[in-house]
Amino acid sequence: MKVVLFCGGYGMRMRNGTSDDVPKPMAMVGPRPLIWHVMRYYAHFGHKEFILCLGYGAHHIKDFFLNYEETASNDFVLRGGRTELLSTDIADWTITFAQTGIESPIGERLRRVRHHLDGDEMFLANYADVLTDAPLPEMIDRFAQRDAGASMMVVPPQSSFHCVELGEDGLVGGITAVSDMPLWENGGYFVLRQEVFDHIPENGDLVADGCAQLAKRGRLVAHQHRGFWKPTDTVKERAALDEAYTRGDRPWAVWERDSAEVRA
């Protein structure tokens, strides 16, 4: 299945300063940028046709792949001054680089790459900055069996704050951690049918317009995931993922886990 990745936003909370024009998906986690980790996740499950919706800082993403260094994440032999790779990351990937505008909302970015989907009934879509260990094949299979226009992965609230119940007299009736409340939030990782385009207007949004309209019509399903899921909206969140990668704690790297199980 083709995978549409939205990687054209400004990512202001990730910026280091006004002169920093590196888009958020290019923030580093270990030796590779976020977008590589997301793409590696999809490729592990056999989905290796990518459509990148570019915008702000597009040249950074283009340059990364045009000058890709396989030796940064693969074993190799240096023999007679020539590099012999023992494995590769992206040799069998197909990547379409599509400029979808600097200010375009996500729904509009999706509309602008529709022709690259070749009319496929189903396709995948995601933000290029969220990591997870969710079982993608299960997510796809469940959606394929449903009569719906879209599926979105939902996760428990990630906030560390607490909600306070107040009575009319101002007395506190209870305090509950947001993460313990019966709520779910959008976790990205969409499985979509072409039907979604019927509900995204020009300059519209994928969630607020497309998914919201499908929900009103009973055409939106959710895949609940309580496992690993981490966004990278801020420098602090990116740094935490980078530190976890360094100490070998990277549950999102399902390709490493499954490879280890095969060797065992």
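Let's start with a word you'll need all along: a residue is buried if its relative accessible area is under 20%, exposed if over 50%, and partly exposed in between, using a 1.4 Å probe and protein chains only. Keep in mind that this is a predicted model, where local features need pLDDT of at least 70, side-chain atom pairs count only at pLDDT 80 or more, and totals for chains, interfaces and linings use all residues. Residues are numbered from 1 along each chain as its sequence is written, and side-chain values use heavy atoms, with hydrogens and water left out.

**Stop 1: a ring pair**

Select phenylalanine 6 and tyrosine 127. Both are buried. Aromatic rings of Phe, Tyr and Trp (its six-membered ring) pair if their centres lie within 6.5 Å; planes under 30 degrees apart are stacked, over 60 edge-to-face, and the rest tilted. The whole structure has 15 such pairs. In this one, the centres are 6.4 Å apart and the planes meet at 50°, so the pair is tilted. Phenylalanine 6 belongs to strand S1 and tyrosine 127 to strand S8 (residues 122-127), so the pair ties together parts that are 121 residues apart in sequence. Helices (H or I, at least four residues) and strands (E, at least two) are DSSP runs, numbered from the N terminus.

**Stop 2: strand S8**

Now colour all of S8. Is it enclosed or open? 6 of its 6 residues are buried, so S8 is largely enclosed by the rest of the structure. Met122, Leu124 and Asn126 are on one side, with Phe123, Ala125 and Tyr127 on the other. In a regular strand, side chains alternate between the two faces of the sheet.

Next, show the neighbours. Two strands pair if DSSP finds at least two bridges between them. S1 and S8 run parallel, joined by 4 bridges; look for leucine 5 opposite asparagine 126. S8 and S13 are antiparallel, also with 4 bridges, and here alanine 125 stands opposite phenylalanine 190.

**Stop 3: helix H2**

Select residues 58-66, which make up H2, and pick out the buried Ala58, Ile61, Phe64 and Phe65. Look down the helix axis: these buried residues fall within an arc of 130° (taken from the directions from the axis to the C-beta atoms), so they line one face of H2. What covers them? Among the covering elements are strand S1 (2-7), helix H1 (34-44) and strand S7 (94-99), where contact means heavy atoms within 4.5 Å.

**Stop 4: a hairpin**

Move to S5 (residues 76-79) and S6 (residues 82-85), an antiparallel pair with 4 bridges. Phenylalanine 76 has leucine 85 as its bridge partner. There are 2 residues between the strands of this hairpin, and glycine 80 in the turn has a positive phi of about 60°.

**Stop 5: charges over rings**

A charge sits over a ring if NZ of Lys or CZ of Arg is within 6 Å of the ring centre and within 35 degrees of the ring normal. Then find arginine 250 over the face of tyrosine 245, at 4.0 Å from the ring centre.

**Last stop: cysteines**

How many disulfides are there? A disulfide is a pair of cysteine sulfur atoms within 2.5 Å, and the count comes to 0. For cysteine 53, the nearest cysteine sulfur is that of cysteine 7, 6.6 Å away. Cysteine 53 is buried, at 0% relative accessibility, while cysteine 163, at 31%, is partly exposed.
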